[in-house]
Amino acid sequence: MSQLAIDQSSLLSEQRIGALLRWVQGNAGAPGVVFPFLASMAGAALLPGEAARLRVHDVTLPEEGFGEVRVRAGEGRSVPLTPDLVGVLRGWIDQAGLKPGDLLFPGERGGPLPSSVYRKAWKQACEAVLSREEREAGVGERMTILRESSLDLWLKAGVPVWGVAEWAGLSASWFAQRYPHRFRVEDVELDWEHLAKVMALPDSLNR
């Protein structure tokens, strides 16, 4: 197995991600910007630095259906946004009174959101939501697990690996090494009858 392979037990399920985000959303002590910030990290599989650099004009938020975020780091890439996340971001932009050129997730004084702010809220959420056994095993220790778990969930949902790679700004071969548990032959439902027809020898060779 590749040394790059991630430990499956360290990944967050969709239920765990939802519970962590709900805790942050409902915690009066966390700045209002932290919830949409973390929701964007989870929903678009963003790194903290990528989310922190987004500006309002980097997101397309239609009234219905999927939206899109343009991540300008590296060569740049476009990532779809679910209707739920579109709603969260539309509400946040309205609430904060943000303009197109503004940072999407500004700090208290309008500059970049300090990492200490969202890391503190993330740590508190993990302590409140995750079990003692999970925390001792290191689950949630790194904030980037939000991105890694989201990438895994996209693969689990059946998004083709080349599509996930394009959204994440990574290579398809990287995913085969990082998430080998999503590429096991025994987990794939093969149509053996169709396979036999495709691989059948020419009639002349069967005589």
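**Helix H8 and its neighbours**

Trainee: What do the buried residues of H8 pack against?

Mentor: They pack against strand S3 (77-81), H7 and helix H9 (172-178). Contact means heavy atoms within 4.5 Å, and helices (H or I, at least four residues) and strands (E, at least two) are DSSP runs numbered from the N terminus. Bear in mind that this is a predicted model, in which local features need pLDDT of at least 70 and side-chain atom pairs pLDDT 80 or more, while totals for chains, interfaces and linings use all residues. Numbering runs from 1 along each chain as its sequence is written, and side-chain values use heavy atoms, leaving out hydrogens and water.

Trainee: Thanks! Which residues of H8 are the buried ones?

Mentor: Gly163, Val164, Ala165 and Ala168. Buried is under 20% relative accessible area, exposed is over 50% and partly exposed is in between (1.4 Å probe, protein chains only).

Trainee: And how does H7 pack with H8?

Mentor: Helix H7 (residues 145-156) and helix H8 (residues 161-168) pack at an angle of about 155°, with axes 9 Å apart. The axes are lines fitted to C-alpha atoms over the stretch in contact, and the angle runs from 0 to 180 degrees between N-to-C directions.

Trainee: What follows H8?

Mentor: Glycine 169, which has a positive phi, near 75°.

Trainee: Is glutamate 50 buried or exposed?

Mentor: Glutamate 50 has 9% relative accessibility, so it counts as buried.

Trainee: New topic: how many aromatic pairs are there?

Mentor: A search of the whole structure turns up 6. For instance, tryptophan 174 and phenylalanine 175 have ring centres 5.1 Å apart and planes at 85°, so they are edge-to-face. Tryptophan 174 also pairs edge-to-face with tyrosine 179, because the centres are 6.1 Å apart and the planes are at 70°. Rings of Phe, Tyr and Trp (its six-membered ring) pair if centres lie within 6.5 Å, with planes under 30 degrees apart stacked, over 60 edge-to-face and the rest tilted.

Trainee: How accessible are those three?

Mentor: Phenylalanine 175 is buried at 0%, and tyrosine 179 is buried with 0% too. Tryptophan 174 is partly exposed, with 21%. Elsewhere, ring pairs link Phe37, Phe105 and Tyr118 into a cluster.

Trainee: Where is phenylalanine 66?

Mentor: Phenylalanine 66 lies in the loop between strand S1 (59-60) and strand S2 (67-71), and with 56% relative accessibility it counts as exposed.

Trainee: What does phenylalanine 66 touch?

Mentor: Setting aside residues up to four places away in sequence, phenylalanine 66 touches Pro80, Leu81, Thr82, Pro83 and Val86.

Trainee: Last one: what does the whole protein look like?

Mentor: The protein has 10 helices and 3 strands, in the order α-α-α-β-β-β-α-α-α-α-α-α-α along the sequence. Its C-alpha trace spans about 80 × 40 × 30 Å along the principal axes, and 39% of the 207 residues count as buried. Of the contacts with a separation of 6 or more, 60% come from residues 24 or more positions apart.
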